[in-house]
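This report covers charged and aromatic side-chain contacts. Please keep the model in view while reading.

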Amino acid sequence: MLSRRHLSIRVHCKVIFGLLLLAGLSLSGGLLGQKATKPLRVQSTDPALRLNGFETYLDMVKGSPFKALNWSHIGPTNVSGRCTDIAVVSPRGKSYTIYVATASGGVWKTVNEGTTWEPVFERAASTAIGDIAIAPTNPDTLWVGTGEANIFRSSQAGCGIYKSTDGGKTWAHMGLADTYTIARIIVHPQNPDVVYVAGSGHEWTDNAERGVFKTVDGGKTWEKVLFVNERTGAIDLVMDPSDNNTLYASTWQRVRLRWNDPRNFQGYSAGGIFKTADGGKTWKPINSGLPDGPYRGRIGIDVCLKKPNVLYAFVDNYEIARQPSAEEGRDSYGRPSSGIIKGATLFRSDDKGETWTLVCPTTDEMKKYMERHSGTYGWVFGQVRVDPNDENTVYTMGLALNISHEGGKTFKGTYGTHVDHHGLWIDPDNSNYLVNVNDGGLGISYDGGKTWRGFTDNLPVCQFFNIAYDMATPFRVYGSMQDHGSYRGQVLQKKDRRTGKVLEGYQAVAFEQAPGGEGCSHAVDPANPDIVYSAEFYGRITRSDMRLPERERTKNLLPATYPDEPPLRGQWVAPFIVSPHNNETIYHGTQYLFRSFNRGDVWERVSPDLTYNTAAEMGDISYHTLFAISESPLRAGLIYAGTDDGKVQVTRDGGKTWSEIMSGLPYQKWVSRIVASAFELGTVYMTQNGKRDDDFTPYVWKSTDFGKTWVSIAGNIPFGPVNVIREDPVDKNILYVGTDGGVYVTKDGGKAWNVLGGNLPMAYVLDLIIHPRDNIIVIATHGRGMWAIDVEPINEKSKRRPWWWED
């Protein structure tokens with residue numbers, strides 16, 4: 001396998017996208033109930049269906065019998081999350097208003113330079129934000145482009161561009177719904193009706209709605225003024241400050257595969273820089289001096305305000321630099337290397353882009369520095385800013401925010417912020433005033449980056465992947481967060497600070513670090529809340545005893561393999577469970593299912609490879625792996641397993657024999673969750689997620705015959721993807737699902753669904769739990785932290801006798 005930063009250009013690209021748009025697919029039905037008799041994979045939901053689905057969702061919120069129930073944000077209050085852009089009202093001093101765009105938590109606004117923040121864009125078909133812009137002629141006119149252009153594996157698709165004319169109080173959808181990712185918005189400095197948009201296109205599939213778009217009527221209509229091909233979109237866009245008809249656009253040819261990060265495949269050559277001098281009517285390529293087309297990855301561009309003949313281009317360069325040393329044999333995720341590319345390279349033009357000159361790296365010292373600039377994922381960054389008042393001061397964004405005062409010849413990092421940087425605003429009236437966004441939130445510097453002021457406590461936009469709970473009193477929830485590692489926090493009833501009186505809802509609290517890493521599933525021993533299991537990224541697994549000193553508490557548990565066996569493949573967030581029958585029996589999923597009877601000290605493999613195991617689909621990201629495991633609470637050894645490549649299998653004898661159970665299911669849809677019923681032995685529930693096909697159909701399934709046949713119970717859920725399903729602990733007819741558009745509940749086994757709660761923002765709910773003792777639902781969102789709600793009004797647990805009770 002090859003890592004992104006360590007790779008050979010000779011990479012096969014047997015792309016299996018292109019199989020298939022099934023005619024007549026409806027968003028909430030189309031494929032459901034049909035048998036997949038041919039290997040077809042549904043792709044690319046019509047964006048109009050997504051927009052209509054969102055309107056249906058809003059109507060469902062208003063009509064929900066549970067609309068009076070309110071979710072409580074429970075934290076963390078000490079961790080923020082990935083932000084993608086900022087827009088600052090200037091001149092600073094007359095205003096202290098800042099807008100921040102977040103990767104999956106909408107848009108937030110402060111009017112007091114960060115003392116307080118409020119969400120102003122949290123109810124839309126997508127709250128994943130790519131860019132935000134303020135009209136120079138009116139600070140109340142805002143444009144928001146949805147869809148993060150950085151295309152992480154956990155990024156969510158956008159649904160077009162929105163406009164506000166009242167400082168974010170209200171918004172109107174203005175089109176471009178099929179772009180899915182928007183990288184840059186440029187508003188004309190004199191005419192606010194003229195707007196340019198760089199659309200980078202779908203993340204997972206090819207599509208035509210990408211390139212540079214222009215409106216001259218405030219967004220009522222759009223013209224695509226620059227288009228290269230259906231895999232090449234516009235990733236950056238700047239306007240010449242001395243000539244409003246001159247713009248520069250950079251293009252990026254890319255697609256994300258399930259098994260590879262974005263990269264330059266054989267045959268790629270469409271990335272580069274284009275220039276127009278007539279407001280987008282005509283464009284010409286301006287790549288003289290840049291790397292050749294096959295080696296040009298993502299490109300960031302900027303132009304100096306005071307000297308507009310000076311431009312910088314920050315290129316992710318795929319030319320091979322050297323072979324790795326023995327110490328560099330594996331990257332930070334443990335993936336093997338087979339060549340180090342040049343990666344981060346900076347070019348400068350002093351003639352408005354007609355020619356380019358490499359300015360960094362040109363020395364051995366800077367070559368080493370720039371090799372480390374972006375880690376193994378240069379495609380994430382690609383941002384450059386030039387000081388508006390000094391053409392020789394330039395910033396590049398990577399793991400660190402880097403600054404050069406020598407025209408890019410040498411760089412040094414600025415420190416005091418979180419890592420992984422995505423945006424920077426430099427005050428044109430005071431170059432020492434900087435506003436930066438990164439994976440940890442937003443920071444402000446008043447001294448040119450020497451020191452920083454951060455906002456982790458009042459910008460709650462952290463991105464959880466999952467959730468687990470313990471049986472402590474009060475109980476704690478665990479989760480892993482994008483770029484922060486793993487955290488846990490207590491779920492506490494709200495109380496009046498003065499009187500101590502118990503109030504409705506739950507407190508927002510600070511979380512503490514927990515065992516595990518950034519992509520990590522947790523399980524806690526139900527009999528001992530101090531024993532915590534952590535399945536870290538790509539299948540590593542540990543057991544921690546929280547009673548011990550930190551250096552002594554954790555033991556690695558990854559099952560060993562023989563030298564002649566294939567290496568283990570674990571998902572980014574690998575599945576792991578404690579058996580409901582014995583707290584010392586645990587299961588762990590890679591491409592195989594493993595079982596241990598002694599808490600992970602000794603393992604046995606209890607399955608063959610349960611995936612498709614397609615050799616042509618093995619890349620630098622683990623794929624063809626297990627993602628969902630469930631053991632029946634009613635029968636030990638009755639185990640269901642679902643994979644990221646759409647296979648579903650069952651064993652009734654603890655792994656001795658396995659049977660495929662995929663009749664009637666869509667082909668190769670990621671199995672996001674599988675749940676064996678605690679009420680009926682043959683009943684099992686499953687959800688599938690079509691995100692990686694740009695498919696937003698809600699896939700929710702039920703079987704009453706151990707998976708031999710499946711029936712869709714998606715019902716009236718208006719859109720997906722669906723990430724999780726849970727069975728109520730006291731009523732077999734009550735089910736809960738978490739989707740990329742909130743939480744739904746049914747009280748009749750899936751015939752009719754209702755939105756749960758009336759106050760939850762449009763949130764990407766990746767996981768949820770129902771605490772069996774305390775009867776509280778807690779959800780993990782990717783962009784808005786964790787939220788909790790009392791389940792008593794739904795299942796009336798306190799009024800029920802146990803299910804086994806007989807009069």
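Arginine 258 lies in the loop between strand 15 and strand 16 (272-276). Strands here are DSSP runs of E with at least two residues, helices are runs of H or I with at least four, and both are numbered from the N terminus. The model is predicted: local features need pLDDT of at least 70, side-chain atom pairs count only at pLDDT 80 or more, and totals for chains, interfaces and linings use all residues. Residues are numbered from 1 along each chain as its sequence is written, and side-chain values use heavy atoms, with hydrogens and water left out.

At 6% relative accessibility, arginine 258 is buried. Buried means under 20% relative accessible area, exposed means over 50%, and partly exposed is in between (1.4 Å probe, protein chains only).

## Salt bridges

Side chains of opposite charge can pair when their charged atoms come close. A salt bridge puts a side-chain nitrogen of Lys or Arg within 4 Å of a carboxyl oxygen of Asp or Glu. The structure has 33 of these salt bridges. One of them joins lysine 352 to aspartate 240, with the closest N and O atoms 3.0 Å apart. Lysine 352 sits in the loop between strand 20 (340-349) and strand 21 (357-360), and aspartate 240 in the loop between strand 14 (232-239) and strand 15 (247-253), so the pair ties together parts 112 residues apart in sequence. Lysine 352 is partly exposed at 26% relative accessibility. Aspartate 240 is buried at 0%.

Arginine 476 and aspartate 470 form another salt bridge, with the closest N and O atoms 2.8 Å apart. Arginine 476 is buried at 15% relative accessibility, and aspartate 470 is buried at 1%. A further salt bridge links glutamate 796 and lysine 799 at 3.6 Å, N to O. Glutamate 796 is partly exposed at 34%, whereas lysine 799 is exposed at 66%. Salt bridges with shared partners also build one network from Arg258, Lys669, Asp693 and Asp695.

## Aromatic pairs

The whole structure contains 23 aromatic pairs. Rings of Phe, Tyr and Trp (its six-membered ring) pair if their centres lie within 6.5 Å; planes under 30 degrees apart are stacked, over 60 edge-to-face, and the rest tilted. Tyrosine 377 and phenylalanine 381 make a tilted pair, 5.6 Å centre to centre with 35 degrees between the planes. Tyrosine 377 is buried at 16% relative accessible area. Phenylalanine 381 is buried at 1%.

Phenylalanine 537 and tryptophan 572 are stacked, because their ring centres are 5.4 Å apart and their planes lie at 15 degrees. This pair links distant parts of the chain, 35 residues apart. Phenylalanine 537 is in the loop between strand 37 (531-535) and strand 38 (541-545), and tryptophan 572 in the loop between strand 39 (554-556) and strand 40 (576-578). Both residues are buried. Phe537 and Trp572 belong to one aromatic cluster with Phe465 and Tyr538.

## Charges over rings

A charge sits over a ring if NZ of Lys or CZ of Arg is within 6 Å of the ring centre and within 35 degrees of the ring normal. The ring of tryptophan 572 has the charged end of arginine 153 over it, 4.2 Å from the ring centre. Likewise, the charged end of arginine 50 sits over tyrosine 180, 5.1 Å from the centre of its ring.
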